[in-house]
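Thanks for coming. I will take a few minutes to go through some elements of one structure, and you can follow along on the screen.

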Amino acid sequence: MGGRRQFGVTAILAVALLGLPACGGGGGGGAPPTLQVILNALEVLTQPAGPSSPFGSTVGGDRVRITGQNFATGTTATFNGVAAGIESIAPTAIVVVSPAGAEGAADVAVTVPGAGSATLTGVFQFIAPPVILSIAALTGPTSGENRAPIAGNETMEVRGQNLRAPLVVRVGTTNITATVVDPNTATFAVPSQSNEGALDIMVTTPEGMSSTLTRGLLYTQEFSLDRQNDSLTVERATHLYRRAGFGAPPDVINAAVAQGLTATINQLTTFTNDSAVEVEADEAYGRLVLPTNLGTRPNKEWWIHLLQHNPNPLQERLAFFLHDHFATSERDMASTFRWTLNRQVNSFRRFTLATTDTLNNGDAGLGWSWRQILIEMGRDRAMLDWLDGRVSQRGRPNENYARELWELFMLGEGVGYTEQDVQEAARAFTGFYWFNDRTDTTNAFLDIAYRLTRHDAEEKTIFGVTGFFGYDNIAPFLEGDPAATTDSRDTDGGIVALTLQERPQEASEFICRKLAQFFLYDAPHESVVDELATALRAPGPNQWNLKPIVEMILRSKAMYSSAAMKSQVKSPVDYTIGFLRSTGIDLGENVTQSASRVRILLGEIGQLPLEPPDVNGWPSGLLWMGAQSMLERVNFLRDAILTLDDVSADIDPLLPPAGQRSPAQLVDHLASILGVQLSGNARTQFINYVTSQLSGDTVVAFAFDPANDAHLRMKTRGLIWMIAQFYDGHLN
Amino acid sequence: MSRKRRISRRSVLRGAALGAASIAVTPILSMNRRVSAAQTGIPGRFVVVINMLGGADGLNMVIPSHLSPYVDRRANINLANEAGSGGGRPVGASNHDLDGRFQLHYNMGNIKSMWDENDLHIVNKVSYPNPNQSHFTSQDIFSFGVRDNFSDGDGRGWLGRFADLHCSNPSEPLGVISVGLGRRPDFNSATTAPLILRNVASFQVDPDTEFTDDHALREKVMRDTLGAEVPPPGNPTLTIFDTSKQAYELIDRVQSETAEWVDPGTYPTSTLGNYLKTTSQLLQGQSSFGTKVFYTGFGGFDTHSNEIGRHANLMTQLNDAVGAFRNDMVAKNKWNDCMIVVISEFGRRVFENGSFGTDHGHGNAFLLMGGRVKGRLDAGSGLSAEIIESDIDTENFVPFAVDFRDIYSELLLDHLGVDPSGIFPDPTFTPDPSALNIV
């Protein structure tokens, strides 16, 4: 019986027999005895057994097996008078297909030509089948979407029809009993999953009828800061290096894959300053020795060289993040003051160094301390000039730095402070002024100093706290006492310390949101920001230390979610420095020529380091995209491939091994190095390009020979130019 | 020199709903097949927005020399008096008198001559309700055209909405063009991809000089690939793809349509000079492009300190570039189609700070220039919402009196001949194109 329940036989037999006289009445006495149809039992083959059996769907279509006697060719059946389809007829059993019917019990009648009819009264139940139409989260970060975080535990709503309790929802292979709100609505707690992806959703009613939404629920790991498993694919390693280091050549990617995620992140975040590359840059541009070469030292080229060549890529990547954050420009700066930008960039470059590590100019690392870099910017010469700290004095405060410190650097516009607070903090930021160093009369240069009489040392009320507030650190600028780190009258400390103390939540959320936007994706959910910010402000040795935060992001499942990977638009610096790092191409014969060409090209594309448009930094995302800037990227690639003029030297590192240089192998290998996912169309077109040439305006065959250096040079240059400008190549 | 065409549209408007679609719009003639029927408005007309980024000091641009609070509260940096005589104007420099009361900055001679020609209208005290003193928030309000919750809105900028409504043929990205300022949020659009351009000469693909024939093949393969590509779903990828495709499609057209451009040789080499020169080049293709709004500008106006010299240099840049552009437009017979509007995200504080500069303020002066502008000889004297003594005698901020969206709406309706409704969807504010009398 296959577990199916058959309708009781005896009563039906009686019903059938009772009908006998009427059915057989047509014959006269003496006629041969007529065979009479007899029905024994009914079984639904397409529905499970259950308390309601036998039953079928109100929409019909169920296969029903009826057993009895004397079935014959021409047998018909009806459900509540509506004809059923006949699938097969045997003398003791027929299989029919139920028609549609109204909800409730139905009579099933069978008629055999010459053998009369029999009816099973009320034997079959028509039951409305469940339908699942849609699914959506009611709670959590995916609220309103047919998505769920892999952590699960959010409430999801199923919308459909004929949902009856107890309703079972099956997510993948997990069964959950749902709460039926009404026949069209049910809710359930979504289970967790270990990976992201789409799963089928099935609902099953108590009768066992079900409905499935194929790939109806998308699991996403974009909200999970849990650890990603340690194994790295090439795709993930490339992604990690793009985000944490602009990009990396194949050998670095392969090493990362070999050693796994934890070791790679450790290598990225824990390092000492690489003196070789510092010396290389200093030798190319002249080491900054005050006051001899302060006006002529090209800060941009110097940093471009480091951005491209520093073996600690995260040091430069985060330094550029900080440069964009504390955006200061040397564009309108006096030539005798531009050296201060070199110092500021080095403050960003030593942010990631341990506090015992030093840069060439002797300044110690900041140990990733958010508090320290904020304090450092408060007394940074370039910043004091850029945002007018050097001209703000007692009685005539300048609001510029106070406003931007909170709006752009620490809290966000209008978050946790008032206009009154800005005006009071502006009073705290008084005391610095221009100082023309006369100690060396032939090489006088502009510098900055702090004079007690220029500082407003009266009480201020900020965040509702009244006290004597000033700069957090003024060393070594106090006239007459370079060792003093604070103005002794500012007994209640500096504004950075006050802000971190009074507005810890706002301050931690602000920088964590920005880091998540930088490393993960453009619009991090508040739950992610909150988790990071809570860790950042938690009292303890790591309070306000960004290293654990950056590490948490880089190793998280969110980092490798589909929401994060290739979700950002490369800025011009991302695009150019990433291209040069991934390919190992230099744009010139030597350090100075190469960096100077990159500097010119970055100027044309519109992101010149040390010249951000304003204190808000550069635009981001699609704001970078425009027809002209696209062509400027294309022309950057042109300039880059022009330097590939020697197969044995420049091009060989970019090629697959000899013997594996078919057109398709060349395309795939170069696309992998460049981190570009080609569409099928583009891949085909580019492969065909290798074996094509123009004859007038017509494309004709070209006998490409991979052993011919001239062929290799020409086509490799072309392929790099085409693949790197394909739209996927602009995604970060 | 300008000949105003008097349009009695105000009476038309009074009889009609704000919809203003009843304004007679000259039919688009068969100028070029690329000018699609989706484009509305008066052919040839265009607006050039010049944004002075950073918050320009309108009080030292349109100078209320006759108001003593201006002089008193800017003891070191007022331009009413010379340095050493109670002000900051360089000795020997002369402001340009407008009406015996207000003066233009001493470096604004070209713009003063437009005043004399009846081609300049000044609107003061321009801002929006509850002015914000953050550069970036205020710029966003100008870009989105919505006072509050612009980030929760549809994400479109006012020029994006304008392009969607009035230049919505997807193959026609030239209805609004950003010259030099990149893809500002103003251009965020649902359906159109506006052209973002900086320089015509470099708007092309450089060849691989060693393999010029193979380079020609590469370009062809790229065009073929982009042409045959199924557009990728979703952003940011789709916009990158569109931009790439658009760039290749527009190179030949931009180059060929601007090839006949005559360089008057008078554009200054400043940032704004270059951008207005680019604008003039693109206008050479106006019959094909049908561009309605050019958006450009330059920065450096955040004069918190040592304002006198910095501000003077910026005024020179504005004056020289706009003067060259105006002469070029006159020579090319486009001045009557031209409407320049000079804006900034906010004005500056009434009083000077301790650094010989000024901090962020509220209301500011807008300059409107063009052959059809109602200037000094027309009703309203060419000065709207002028500053009076009580505005600045005790207040720290020049007050807000004119909403910038009223000005934009009048330009859209009366100059471009398009319906401004739907472009500033602010539930708390409905722009009134009749609020002023500029065009």
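In which sense do strand 4 and strand 8 of chain A pair, and over how many bridges? This is a predicted model, so please keep that in mind throughout. The pairing of strand 4, residues 76–79, with strand 8, residues 104–112, is antiparallel, and it runs over four bridges. One position to look at is Thr76(A), which stands opposite Thr111(A) of strand 8.

Those two strands belong to an open sheet of five strands in chain A, in the order 2-9-8-4-5, with mixed pairing. At its edges stand strand 2 (55–57) and strand 5 (82–83); each has a single partner strand, so one side of each has no neighbour in the sheet.

Next, the other sheet. Four strands of chain A form an open sheet in the order 1-3-7-6, and here the pairing is antiparallel. Strand 1 (38–44) and strand 6 (85–90) are the edges, each with a single partner strand, so each has one side left without a neighbour in the sheet. From one strand to the next, the twist averages 20°. Strand 1 is joined to strand 3, residues 63–69, by six bridges. Within that pair, Leu42(A) has Ile66(A) as its bridge partner.

Last, a helix. Helix 18 of chain A covers residues 572–583, and its 12 residues reach 16 Å from first C-alpha to last, close to the 16 Å expected. Is helix 18 mostly covered or mostly open? Mostly covered: 12 of its 12 residues are buried, including Asp574(A), Tyr575(A) and Arg581(A). After the helix comes Gly584(A), with a positive phi near 75°.

Note on methods
Residues numbered from 1 in each chain as written. Chains lettered and ligands numbered in written order. Predicted model: local features only at pLDDT ≥ 70, side-chain atom pairs only at ≥ 80, totals over all residues. Expected span 1.5 Å × (residues − 1). Buried ≥ 20, exposed ≤ 12 C-beta atoms within 10 Å, placed from the backbone. Pairing = 2+ DSSP bridges. Axes fitted to C-alpha atoms, helices over the stretch in contact; angles between N-to-C directions.
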